[in-house]
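Here is a short report on strand pairing, nonpolar cores and aromatic contacts. Please keep the model in view while reading.

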Amino acid sequence: QRGASGFAAMEPAVPSQPADKKGSVLSGWYTEPDGKGSVWSFANLVTTSATLYARWTYTVAFDANGGTPTPAVQNIDPGGNITKPSSPQREGYNFRFWTTVKDDPETKYNFASPVNAAGILFAYWDRVECTATYYPNNGTDTFQKTVLYGESYPEPSGLTKEGYFLTGWYEDVALLVPHDFSSPAHGSLELWAKWEPNPYIVRFNANWGTDKDVDQSMIFDTAVQLNPNSFARLGYEFTGWNTSVDGTGFAYSDGQEVKNLTSKRNGIVKLYAQWKGEAYSVLFDGNGSNEGVMETQTFYFGQYSALSKNSFRKTGFTFTGWNTKADGSGVPYGDLERVTDLAPVDLKTVTMYAQWKETYNVTVPVGPTIQIDAQGAVTEDTTTFFSNNGPTQVSIVAAGVSVLPGASQIFSQPQNIELVMASKNDNRLKVSAFLEDGSFGYCRIPISGSSKLPVIFSLDLRGSTVSYSMSELEVASLAYTFEVA
């Protein structure tokens, strides 16, 4: 451009980009080549001749990638170097370096390399590690958990403390500021566990006493007096509590101060009332006896004891046991029987009445014999009668025979000898001897009249014999049992 001294030169249009500077931009006109000299301002007036040279540069921008501040754009001459800017800052992150691809550490930029194109450099960050120190407050050691900035600290699990339950974690030792485990970590911190003592229940059971179960609330590690007993049991005295029904567990007195009966949260501890039976008296009544005296016995409710042995006598009668009624219509008991709770709990005395059965006396013969020969024929029929001194008829109810040792040797066929007796059905006594060859001998002794019975009498009298006629050897023993008809 030409003009008189002092004219204003016009800024020319942007010239075509040189082939060797592809991608660059015109960054201004300079008084010397290659961007040297000073940059020309077209606001200046031209007073002398000058040659202006176009300067082509590459534009390099910076992206702080969440940090601050963002460095200024730099125009770099082809083949020149980018000036490394100051590191930006970002809360919770550490600046590492600049990359040509965002968030890709593999593209870390080398500021010593020549610039041959425009571009953008991105700040690359590492998240700060945050550490939480946990104080479990349960007698175990502290421990730590590390997370990256912005992540949530993990809430510990599986921690226990006997008799306590965990209510939460707090950010202060005074346990006033609770920690929210869903909140992001913004730095390291300390956390303290807070524990509350477990509640539990003591359940009082009457154990045969009156009323239903009664509960008392307890707190672990807190000493409390047991509620006073409110149960009652007629005939018994309350003696305390026990963790077992039968009193074999842990015992506690009424109103005893207790602590930590269980460590289980909402657990139930059962305490069973223990009772001692009160005393009552057992009187013995001879009920018509004419001999003997018996002392009163002392018994206790809930305990077994044997009745005293009967010492009463009644002429013509046999003692058969005791009864709570004189006429035998009450509850029967045997002599020396072990009993408990004979008396109603509201009655302190019970009377036992002797029970009697009339005795019948008879005249017993001595040694009657029935003789049979080797073929079983009766050689002699000896019948001995006795008189029944009582007014009541007596009949045979059972009869038996036992073969004596060596008896089989007296027969011609010395095997399988059997002596049997039958009675009552046909009102006769039958004695038979069965031999091995099938033959047998027997005799029948008729019962003559209601006031006489043959042979022998006793409740179970043994000793009558069957004899072999030729040797007079006893071969069997007979037994009879009679009763009042």
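The sections below cover the basis, the strands, the cores and the rings.

## Basis

This is a predicted model: local features need pLDDT of at least 70, side-chain atom pairs count only at pLDDT 80 or more, and totals for chains, interfaces and linings use all residues. Residues are numbered from 1 along each chain as its sequence is written, and side-chain values use heavy atoms, leaving out hydrogens and water.

## Strand pairing

Strands (E, at least two residues) are DSSP runs, numbered from the N terminus. Two strands pair if DSSP finds at least two bridges between them.

Strand β7 (residues 119-127) runs parallel to β4 (residues 53-63), joined by 4 bridges. Here Asp63 stands opposite Phe122 in β7. Strand β6 (residues 93-99) runs antiparallel to β7, with 6 bridges. Tyr93 stands opposite Arg127 in β7.

Within it, β19 (residues 279-285) and β25 (residues 349-358) are parallel over 5 bridges. Ser281 stands opposite Thr349 in β25.

## Nonpolar cores

A nonpolar core is a set of buried Ala, Val, Leu, Ile, Met, Phe, Trp, Tyr and Cys residues joined through side-chain atoms within 4.5 Å. Buried means under 20% relative accessible area, exposed over 50%, and partly exposed in between (1.4 Å probe, protein chains only).

The largest core has 34 residues; Leu226, Trp241, Val282, Leu307, Trp322 and Leu342 touch the most other members. The elements giving it two or more residues include β19, β22 (317-323) and β25. Another core, of 14 residues, lies apart from it, with Ala132, Tyr149, Tyr164 and Trp195 among them.

## Aromatic rings

Rings of Phe, Tyr and Trp (its six-membered ring) pair if their centres lie within 6.5 Å; planes under 30 degrees apart count as stacked, over 60 as edge-to-face and the rest as tilted. The count is 21 aromatic pairs. The rings of Tyr134 and Phe143 are stacked, because their centres are 4.9 Å apart and their planes at 10 degrees. Tyr134 is buried at 0%, while Phe143 is partly exposed at 23%.

Phe319 and Trp356 pair edge-to-face, 5.8 Å centre to centre with 70 degrees between the planes. This pair links β22 to β25 across 37 residues. Phe319 is buried at 19%, and Trp356 is buried at 18%. Elsewhere, Phe204, Phe231, Phe238, Trp241 and Trp275 form one aromatic cluster.
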